[in-house]
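Here are some friendly notes to read beside the structure, taken one point at a time. Keep the view open and turn to each region as it comes up.

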Amino acid sequence: MEHDYISISALNDFIFCPYSIYLHNVYENTDESLFHATPQTRGRIAHEAVDEKKSSTRKDVLQALPVYSEKYGLMGKIDVYKIKEKYLVERKYQLRQIYQGQIYQLWAQMFCLQEMGYEVERMAFYEISTKRTIPINLPTDEDIHRFELFLRSFRNYDPTKPFQPNLNKCRHCVYCSLCDKTIEDNVYQ
Ligand code: SF4
């Protein structure tokens with residue numbers, strides 16, 4: 001199957017606001033300090049700890065492994081995969097709430113791992129700030145169908161179509177100061 005690859009990290013952003021994906025592509029090569037606000041920066045540092053392989057040195061743990069799925073046209077990185085336990089973990093600095101897009105990201109990582117020959121029997125988020133583990137169910141057939149429809153809507157998104165921004169989201173959006181759809185101010189400024 002041929003398609004443009006979707007970055008796993010964009011799945012949650014698309015649910016937050018589809019237009020933010022368009023802006024991300026427009027400003028991809030821009031200085032990050034223009035739009036990376038405090039929560040995102042902390043999240044990035046959490047990921048850098050994984051990327052730099054500081055969180056564990058055990059040999060049966062894969063960290064920051066680049067993954068892709070031919071079937072779903074997805075690419076990205078897993079945070080932590082414990083090979084013997086068949087256990088996939090995504091670390092976040094803080095998780096006040098778990099959004100559907102974040103669950104889609106975990107599922108996407110699982111689909112990629114499966115295609116690469118790794119089994120996943122359990123998955124969870126790990127909140128670094130509280131050292132809390134939050135187990136997430138493996139997707140059912142119905143969940144997978146919903147996920148596939150979601151990927152289709154992602155691919156078919158047209159940023160030129162009329163769009164009504166959710167101002168509450170705009171206030172918490174890292175692209176707020178760069179976005180032509182809103183005159184709201186970002187709360188992080
Ligand atoms: S500022 Fe608002 S409309 Fe613009 S990308 Fe962010 S959430 Fe979407």
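1. Start at the hairpin of β7 and β8, where four residues sit between the strands and K131 takes a positive phi near 55°. Please keep in mind throughout that this is a predicted model. K131 lies in the loop between β7 and β8, and its phi is a positive value in a residue other than glycine. As background, most residues other than glycine have a negative phi. Is K131 buried or exposed? K131 has 7 other C-beta atoms within 10 Å, and a residue with 12 or fewer counts as exposed, so K131 is exposed.

2. K86 is not a glycine either, yet its phi is positive, at about 55°. Its place is the loop between β5 and β6. With 14 other C-beta atoms within 10 Å, K86 is partly exposed.

3. Strand β7 covers residues 122-127, and it pairs with β8 in the antiparallel sense over five bridges. For a landmark, find E127, whose bridge partner in β8 is R132. Strand β8 itself runs over residues 132-136; the number of buried residues among its five is zero, so β8 lies largely in the open.

4. On its other pairing, β7 meets β6 (residues 87-92), and here the sense is parallel, over six bridges. E127 of β7 turns up again: K92 stands opposite E127. Helix α4 (residues 100-115) packs on the sheet, where it touches β5 (80-82), β6, β7 and β8. The direction of α4 makes about 140° with that of β6.

5. What is the order of the strands in the open sheet? The five strands run β2-β5-β6-β7-β8, and their pairing is mixed. β2 (61-63) and β8 stand at the edges with a single partner strand each, so one side of each is left without a neighbour in the sheet. From one strand to the next, the twist averages 25°.

6. Next, look at the ligand. How many residues surround it? There are 13, and the closest are C17, P165, C170, C173 and C179. Two elements give two or more residues to this shell, namely α2 (18-26) and α6 (167-170). The largest share, three residues, comes from α2.

7. How many of the residues of α5 are buried? The count is zero, and α5 is hardly covered.

8. Finally, step back to the whole protein chain. It has six helices and eight strands, and along the sequence they follow the pattern β-α-α-α-β-β-β-β-β-α-β-β-α-α. Of the 189 residues in the protein chain, buried residues make up 23%. Taking contacts between residues at least 6 apart in sequence, 61% join residues at least 24 apart.

Notes
Residues numbered from 1 in each chain as written. Predicted model: local features only at pLDDT ≥ 70, side-chain atom pairs only at ≥ 80, totals over all residues. Near = placed C-beta within 6 Å. Buried ≥ 20, exposed ≤ 12 C-beta atoms within 10 Å, placed from the backbone. Pairing = 2+ DSSP bridges. Axes fitted to C-alpha atoms, helices over the stretch in contact; angles between N-to-C directions. Contact = placed C-beta atoms within 7 Å.
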